[in-house]
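Here are my notes for someone opening this one for the first time. Have the viewer ready and follow along.

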Amino acid sequence: MSLIHVKDLSKHFKILNRREGLGGAFRDLFSGDFRTVEAVAGISFDIDAGEIVGYIGPNGAGKSTTIKMMTGILKPSGGLIEINGLVPYENRIRQAQIMGVVFGQRTQLWWDLPVIESFKILKEIYKVDQKTFDEHMDMFNELVGLKELYSQQVRTLSLGQRMLCDITASFLHNPQIVFLDEPTIGLDISVKAKMRTIIKELNRTRNTTIILTTHDLGDVEALCNRIIIIDKGKILYDGDIKKVNALFGAYRTLKLQIDQFNETTLQTLNDKLTEKFGTDHGITISENEESWTDVTIDQARTPLSEVLNHLMTNFTVMDVRIVEISMENVVRKVYDGALT
Amino acid sequence: MRGYLAVMRGSFMVSVVYRFGFLFTILGNIIYLSVAFFLWKSIYRSSDTIRGLTFNETFIYVGLGSAIFILLKTYVDWILNFEIREGAIASYLIKPIDFGLYTLFASFGSLLMNLAAITIPTLIMLIFVFKVEFVLGPGLIIFPLSLFMAFLVSFYIDYFVGLLGFHSESVWGLSTVKEIIVTVFSGALIPLHFFPEALQKVLLWLPFQAIYHTPLMMITRPDQSWNIFLPMLFVQIFWVVILFIATRLFYNQAIKVLRISGG
């Protein structure tokens, strides 16, 4: 039997339609004008013990809402969740003992106290014995070196330090499942790397099931074997990462700032590229903002270096940036049938 | 249980962090006590007893009342409302703890700090600076217990107002109204004896008097006897039980409408 079983899960919120301005705010006092927002609209999946699953999607896709339902904080509007055969919402306190949760945008540490005090409180709350606690702390200290932070007040930590402490805290009671909701949001590359090391290591040594939501496709590539892509409350893709990997692994967006940009530039660009690489070049061109042009290249078909070279010789390029494909673009490509 | 005690300890430590706050509270209290002292002194110039109370009794009532007022101020409603609105409540709900008990113990932690930093100094001041005399009797023995019950009544009223945050996005107005009602109807500002008879009768049927009036009466009543005090204590316990059950039911219903947006 699978560890997590989700069937036809849905959640809708009633939201008061707010009006603009001061007058609107007053009228809202007596307003019964609600609209229903479907945050999660019927999703189903099963997750086995020991999996690392990337749960991804653009902003507002329903990721966090799903996680909050799986952790038992929110009550589903419909459908079923079972974790170890129990419904989280009805057995919140019992289920909490086997789960760890990190919300990237908030902390579960005590803001005003030194870091170590939060760990001690959590140790008592989760009834962790001293030996396990010491072993855990040693292990984390080895992995990320947090010891010197222990006496520091949580609110004086940097975002990266705080996140590492939060992760440490969420694994403290050796949970079976850890939910990481945007754990790398706003972190620099070195902290991200540390974070990935810890997650991998814990999954390997303790067989902890990890469900990761993120905006950073790098996290997904580095950690997950399976991904679930969700948008507008519905699952778009659920399966092996390899197939998707080709998708965002191969695409790069070239951001160009071209001198004397005008309305014909895009057309000229396209013509020049077709001239050189033929009609099936797999390149899409779109205007971004104020003279920045996005050229998205499928490297499987056309090498990026050649495109760049060609453009540099034919146009006066003032500035260039190369970026990996964004979550929104991945989702768009999935919609366009890239995975079928 | 260990977990809740750890929470209490943590909350106590948080209060210690804001130690400068205490200095100002104590300073404010000294000023308040001085004003109250001279105010009641001048009121008592015309007669030795007013409504059966001597100056000494009234001043203990008012002075100790202010000490208890600060003692019980743990801002549960404000904190809870903030946490519900910001969604910070999520980090409690993911833990294997009962939210009501968690809040109670956290609040008790800061109460202990208030006790050590403000209430005891105020008490010392009342005895040594303002020279009030406490009646020795069973009242002094039962007072701590009664005070603890007063805390529970006050806590559950605050907790209830805080929980309203699930329904209303801001309980600022409600909190303010609650504050005024509690301060006036509990006898924290003016002893209940000074209220019109009819109003007194009504107030004795409300939970607010259990917060200040009951423990204060135990200290100030000249007729010290268990036969009077025990029923008073039972009334307090009655209110604790009622409010406990009411907030439980309300919480179970309110948690269903919880919305945590963003992140």
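Predicted model: local features only at pLDDT ≥ 70, side-chain atom pairs only at ≥ 80, totals over all residues.

1. Start with chain A as a whole. Chain A has 340 residues, and 34% of them count as buried. Its secondary structure comes to twelve helices plus 13 strands. If you draw a box along the principal axes around the C-alpha atoms of chain A, you get roughly 70 × 55 × 45 Å.

2. How far apart in sequence are the residues that contacts in chain A join? Taking contacts between residues at least 6 apart in sequence, 74% link residues at least 24 apart.

3. Now look at where the two chains meet. Chain A puts 30 residues into the contact and chain B puts in 23 residues. On the chain A side, the elements giving two or more residues are helix H2 (63-70), helix H3 (92-96), strand E5 (99-103) and helix H4 (115-125). Of these, H4(A) gives the most, with five residues. By type, this side of chain A splits into 13 nonpolar, eleven charged and six polar residues.

4. Next, the inside. As general background, nonpolar side chains in soluble globular proteins tend to be buried together. Here the largest nonpolar core holds 125 residues, and those with the most contacts inside it are Val53(A), Phe179(A) and Leu212(A), along with Ile68(B), Ala150(B) and Val153(B). Helix H7 (residues 138-163) of chain B supplies the largest share of this core, 13 residues. Why does this core lie between domain 1 (4-232) and domain 2 (250-335) of chain A? It lies there because both domains give residues to it.

5. Leaving out residues up to four places away in sequence, Leu212(A) touches Ile52(A), Val53(A), Gly54(A), Tyr55(A), Leu180(A), Asp219(A), Leu223(A) and Cys224(A). There is also a second, separate core of seven residues, with Leu254(A), Leu256(A), Ile297(A) and Val307(A) among them.

6. Last stop: Ile199(A), which sits in helix H7 (residues 189-206) of chain A. Is Ile199(A) buried or exposed? Ile199(A) is buried, because 23 other C-beta atoms lie within 10 Å and 20 or more is enough to count. Not counting residues up to four places away in sequence, Ile199(A) touches Ile210(A) and Leu223(A). Gly337(A) is 138 residues from Ile199(A) along the chain, and their C-alpha atoms are 32 Å apart.

Methods. Residues numbered from 1 in each chain as written. Chains lettered and ligands numbered in written order. Contact = placed C-beta atoms within 7 Å. Helix = DSSP H or I, 4+ residues; strand = E, 2+ residues; numbered from the N terminus. Nonpolar A, V, L, I, M, F, W, Y, C, P; charged D, E, K, R; others polar. Core = buried A, V, L, I, M, F, W, Y, C linked by C-beta atoms within 7 Å. Buried ≥ 20, exposed ≤ 12 C-beta atoms within 10 Å, placed from the backbone. Domains from an automatic or database assignment.
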